[in-house]
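Subject: Structure handover

Hi,

Here is the structure you asked about. My notes on what turned up follow below it.

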Amino acid sequence: MVRFVLPAGTLGAAAPVGAALVLALQNGALAAPCPCAKIEVYVDCAAKAGGTGKQDSPFSSLAPVNGLKLKAGDSIRLKRGASCQGSLTVRGAGEAGKPIVIGPYGDGGKAPVVQATGAEQALLLEDAQYVQVSGLELTAPGDGTRPRRGVYVLAKDSGTMHGIQLTGLDVHDVRGEAKPSAPNAGGAAASGGIVVEAAGSATPTTFDDLKINGNRVHAVDGAGISVWSSWCRRPDTPSPDGCSQAWTPIRRLAINGDLLWDVGGTGIQVAATQGASITGNHIEGFNARSGTFGAGVAVAGSTGTGVSGNDVSGGKTGGTGAASAGGMAYDVGTGTEGLALKANLSHDNRGGFVHLCAASGFTLSGNVSIDDRAHGFQVCDAPLTGGTIRGNTVYLADGVEQLVVDADTEQKLDVKFTGNLVERDGTKGTVGWNVASPAWVVDHNLLHGFPVPATATATIKADPGFLAPGLADPVAYQLIAGSPAIGAGVGAGVGAGAAKGGIDGFPVSPAKVPAATPNIGGVQAPAAFPAGLADSFNAATPGQAPAGWQVTGSAAAAADPSGGLGSSLVLTERPTPSTAVRLLPVSGGVVRVRARLRASDTGHTGWLKVLDAKDGTVAAVGLTPGGHVAFTDGKHEEQSAAAYPPNAWVPVSLLIRPEDGAYELSVNGVQQAKGALGEGAGLAAKIQAALSPGPDAAKGTATFTVDDVLVTPEPCPPAPMHDDHA
């Protein structure tokens with residue numbers, strides 16, 4: 001709908017635009033009726049041709065809106081459930097508090113689809129600012145020989161572009177050329193799911209207040225999310241390749257809460273940013289098709305970046321020579337200053353944990369690495385300045401091979417490696433250390449199960465005493481009573497957050513340890529209570545029921561479907577339900593149940609249930625039809641806001657509080673819902689995995705997979721801590 005917005009007292013109300021104006025707008029001949037007009041355009045690509053752009057007469061294609069010059073308060077709405085071919089182009093500028101809005105309209109749950117069908121991208125924001133885009137499904141098929149993007153945000157010689165928000169988008173099947181994504185490679189005109197680029201050579205160009213939050217990016221080639229600027233050349237520090245223009249950093253960039261899986265190259269890569277936040281993202285499966293260097297999260301040519309609370313797994317290696325180092329979870333790249341990599345999880349990455357190259361002033365703290373192959377910390381042939389690697393946990397299961405530190409260079413490496421915990425569990429495989437630079441300090445660490453470097457000082461060599469080693473869950477790497485790592489750290493804490501008696505570390509418990517005596521390792525919490533159940537299924541015989549589990553139907557151990565180390569419990573659809581039940585020690589206190597769940601599709605129902613002694617449901621979490629994580633007390637089933645992807649792991653947690661008659665559901669570490677325990681529910685006595693038969697049960701193709709089940713008593717909330725210095 002297009003309306004004039006007239007000053008008060010003229011005609012008293014907004015008047016519709018005439019037919020001639022609508023015709024001109026539809027033909028792309030007129031950008032806007034007048035400076036005071038407000039544009040509200042509706043598009044339904046399933047509607048009949050000849051619409052006027054009003055909600056009751058929508059345009060039937062994207063062509064009429066692509067020529068618009070949008071302004072503050074304008075909007076383009078696409079019909080839910082409809083699919084448009086081609087590319088949607090957005091140009092213009094909103095204002096702070098009055099953005100241009102691009103999103104869906106209408107009833108129904110399916111997002112509107114824009115399929116590029118030969119165009120380079122499904123959605124182009126060109127020299128636009130104060131734009132909010134949400135709720136669209138975007139695809140860009142291709143043959144892998146030309147650039148393809150789901151979203152392309154491009155600013156060229158246009159100054160500072162403010163206030164762009166991309167939220168709740170589903171970007172998939174983007175099949176563009178996989179350009180090399182080495183740590184310091186240029187990102188100009190890159191392929192990927194969501195690509196942001198500041199380009200040009202005449203006018204310094206950048207973005208400010210750019211938010212890429214809560215999106216799903218999957219089955220894409222190139223990068224999952226890429227933020228790049230050619231305005232990245234700095235005179236005082238090395239710059240990434242492709243930096244042709246003077247430093248004009250992208251500011252207030254936030255990439256938060258995005259879900260990425262099956263990414264051809266790097267998961268999230270940013271360059272030429274200042275103070276960027278990359279937080280709470282989940283990346284599973286990256287560098288799958290690049291044939292070269294690709295990381296889970298890569299930062300280059302940036303200052304003051306915060307990378308925290310991310311979960312990165314399934315990195316693949318590719319290429320030969322130096323390029324074979326790809327598949328690492330985190331890359332601190334060329335020209336990076338003041339980066340804080342804090343409280344992140346990395347597991348089952350074939351390339352390793354962290355890559356470091358020509359960086360300065362970085363801090364790596366409170367991170368947990370589980371069964372990353374090849375390299376723990378790898379350093380390129382370039383100097384490092386003022387680096388701190390402190391208070392991290394690295395766990396290597398029997399048979400995992402890794403160079404804990406691999407710095408095959410004669411360059412000066414000014415790095416302090418202190419307070420870290422590295423555990424090799426078993427004797428199979430080679431675990432070693434390769435550092436030539438005497439400036440790399442190794443002090444006050446716990447290093448167990450492999451040769452300690454000769455330069456190390458004050459090293460503890462004893463078993464650290466983990467709660468449940470072998471699980472791909474950071475909570476499993478809490479320390480138990482008697483651990484030599486408890487209170488054995490040095491200094492006032494792991495990071496700058498060491499205040500009022502608590503210190504930085506992976507957030508596994510609300511309880512804190514004293515700042516003066518931190519733990520060694522990435523988990524800064526008091527000694528954990530023994531687990532009621534901890535099962536990684538890695539010791540189970542493939543094709544057989546895991547020890548201690550009673551099964552019906554088809555439920556057996558099988559290889560981790562993501563390619564991770566070890567086995568999982570896989571339930572396969574049959575005409576009758578497939579179940580697996582395990583007894584728990586009965587406890588009257590607060591109990592937390594954690595696990596990873598995985599569904600082969602979004603059309604079946606798989607549950608992880610906590611049962612009482614009479615098989616009544618205490619609380620349950622499920623992956624149910626429609627693609628949302630569900631929860632129930634056995635009587636009232638509800639859908640949470642968390643959508644789950646098929647063929648990807650979903651970490652879930654149920655916190656059961658019998659005394660309060662309540663439970664809490666968290667998905668991917670984020671609390672999603674609270675529920676009331678059903679009337680008459682008993683204490684937690686069993687845990688059950690169950691897959692119900694669907695309409696195609698006879699085919700037996702649907703699966704529901706469970707892994708890394710951890711059941712623990714939850715400690716009481718800590719008493720308030722008194723600070724004598726407050």
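Disulfides first. The structure, a predicted model, holds three of them. Counting bonded cysteines along the chain, the pattern is 1-2, 3-4, 5-6.

Cys45 pairs with Cys84, and the sulfur atoms sit 1.9 Å apart. The link of Cys45 and Cys84 is right-handed, with 100 degrees about the S-S bond. Is Cys84 buried or exposed? Cys84 has 3% relative accessibility. The cut-off for buried is under 20%, so Cys84 counts as buried.

Next is the disulfide of Cys232 and Cys243, with an S to S distance of 2.0 Å. The link of Cys232 and Cys243 is left-handed, at -110 degrees about the S-S bond. Cys232 lies in the loop between strand S20 (223-229) and strand S21 (250-256). Cys243 lies in the loop between S20 and S21 as well. The two cysteines are eleven residues apart. Both Cys232 and Cys243 are buried.

Then there is Cys357 with Cys380, where the sulfur atoms are 2.1 Å apart. The torsion about the S-S bond of Cys357 and Cys380 is about 80 degrees, so this disulfide is right-handed. Why does this pair tie together parts that are 23 residues apart in sequence? Cys357 is in the loop between strand S33 (352-356) and strand S34 (363-365), and Cys380 is in the loop between strand S36 (374-379) and strand S37 (384-390), so the link runs between those two loops. Both Cys357 and Cys380 are buried.

Now the chain as a whole. It has two helices and 59 strands. Of its 726 residues, 55% are buried. Take the contacts with a separation of 6 or more: residues 24 or more positions apart account for 71% of them. The chain exposes about 26,900 Å². Carbon and sulfur atoms supply 53% of that area.

On to the nonpolar cores. The largest has 118 residues. Which of them touch the most other members? Phe207 and Trp440 do. Leaving out residues up to four places away in sequence, Trp440 touches Val379, Leu384, Ile389, Val405, Leu413, Val415, Phe417, Trp433 and Val435.

Last, the empty space inside. Rolling a probe the size of a water molecule over the atoms shows where such space is left. How many cavities of 30 Å³ or more does a search of the whole structure find? The search finds four. The second largest cavity holds about 90 Å³ of space. Its lining is made of 13 residues. Gly470, Ala472, Leu565, Arg596 and Asp708 are the ones that lie nearest the centre of this cavity.

Best wishes

Notes
Residues numbered from 1 in each chain as written. Predicted model: local features only at pLDDT ≥ 70, side-chain atom pairs only at ≥ 80, totals over all residues. Heavy atoms only, no water. Core = buried A, V, L, I, M, F, W, Y, C linked by side-chain atoms within 4.5 Å. Buried < 20%, exposed > 50% of the residue type's maximum accessible area, 1.4 Å probe, protein only. Contact = heavy atoms within 4.5 Å. Disulfide = S-S within 2.5 Å. Helix = DSSP H or I, 4+ residues; strand = E, 2+ residues; numbered from the N terminus. Areas by Shrake-Rupley, 256 points an atom, 1.4 Å probe, with all protein chains shown as cover. 1 Å grid on protein atoms, 1.4 Å probe; cavity = no way out; pocket = protein on both sides within 12 Å on 5 of 7 lines; lining within 4 Å. Points joined across faces, edges and corners; volume = space filled by probe spheres on them.
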